[in-house]
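Please consult the structure shown below while reading.

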Amino acid sequence: MNKGKVLLVVGVVLALIGLAMIVYAILPAEQTSSETIPNGAQNAIYWSVGGLMNGNVSLNFSVDTGTVNVYVFDKTNYDNFGNGVAFDVIAYAPNLTAGVFSLDLPGSGQYYLVFDHGIYSQNIDQVVTVKVKITGTSIMALTVGVALLVVGAILAIVGVMMRRKEPAAQKTQGPTDVVMVGQQTPPPPPTK
Amino acid sequence: MQERRIAVIPSVMIQGALGPKEYGVLLTDQRSIFVLTRATNAAVWGALGGAVGAMVGHAVTDPRYVAYLEADLAALSSDDKNVSVPHSSIRKLGLEKKLGGYRLQIEYLTPEGKAKTLNAILTLPPGHLKQKKSEGVKSKDAFKDYSRRVREAYEHALPPEIGARAEWRI
């Protein structure tokens, strides 16, 4: 396979991967998962999401027994919460057995959805099931996708240009007429 | 005695099971080596069927350019893609003008003693036809001249007893 063809194939493959990543970056993601909050007042579980433009999280959750408190934090306040110091919340809902809510993420940073034990539930294991739908544009996937698409397109164009040039160069290497080895090519017969 | 290269025929076409294949022919004083230069993938893709098959049904591989005058004869001959016909094994050889063009037919015995017939259509390399046309030569005359030169090449390459039996109907 010649260089032009290799570049063309690599370029097209990269561009297709890039295109797929752009689509992936834009399409919403849905996930359902369950986690257990071990008994103990200090225990909590969390899900995190981030790196989104115009991000929105739609949430549907339920707990198998007792109640839970739900918090939404940015990175700084999540750390504060974990360290037991004063914190601010983006959203907070105490003592729920189930709930549905939707939240527009304020920025492209990392955000944390935290569940801990609600009232009278500190001493039991609680299984929280969360169904989450995340919309928005993944900045990382979009950046990588666009980069791959651009690089792939450039490689493909260069490959096509090389392929256009290569045959002309190669044709001169092969004989185009019957070659008698070690003899001069006879002149064409005289025309009548 | 060392094998001598006699001539190179740049392009003939042989119909294979998976579509037509283009060969260049290196003639030595002992054998004709048909060197595969280009094959189509027609049947392979055609087998996929449907629009995909139709779309790429005529895809061809890139041509291979062979350094006929320098290439190692043993290597060319032993390459599975190529066809080597020892001149001593030729039972019948003919070049004749047919409806589809000039056909070179060689009947020969394989080393295993099996009779085989090789049918090759002479094809003009694109550069050759372009050049001839620019000189004001018609395609028909270019083909005729090409076939005449193929005949000359074979007449130089074949042992006299085989050459005497060859049939030239061009």
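Val66(B) is buried, because 22 other C-beta atoms lie within 10 Å; a residue counts as buried with 20 or more other C-beta atoms within 10 Å of its own, as exposed with 12 or fewer, and as partly exposed in between, the C-beta atoms being placed from the backbone. This is a predicted model, in which local features need pLDDT of at least 70 and side-chain atom pairs count only at pLDDT 80 or more, whereas totals for chains, interfaces and linings use all residues. Residues are numbered from 1 along each chain as its sequence is written, and chains are lettered from A and ligands numbered from 1 in the order in which they are written.

Val66(B) is located in the loop between α2 (50-56) and α3 (73-78) of chain B; helices (H or I, at least four residues) and strands (E, at least two) are DSSP runs numbered from the N terminus. Leaving aside residues up to four places away in sequence, Val66(B) touches Gly24(B), Val35(B), Thr37(B) and Ala71(B), contact being defined as C-beta atoms, placed from the backbone, within 7 Å.

The contact between the chains takes 13 residues from chain A and 18 residues from chain B. On the side of chain B that touches chain A, β1(B) gives the most, with 6 residues. The classes on that side are tabulated below.

| Class | Members | Residues on the side of chain B |
|---|---|---|
| Nonpolar | Ala, Val, Leu, Ile, Met, Phe, Trp, Tyr, Cys, Pro | 11 residues |
| Polar | the others, Gly among them | 4 residues |

Terms used
Contact = placed C-beta atoms within 7 Å.
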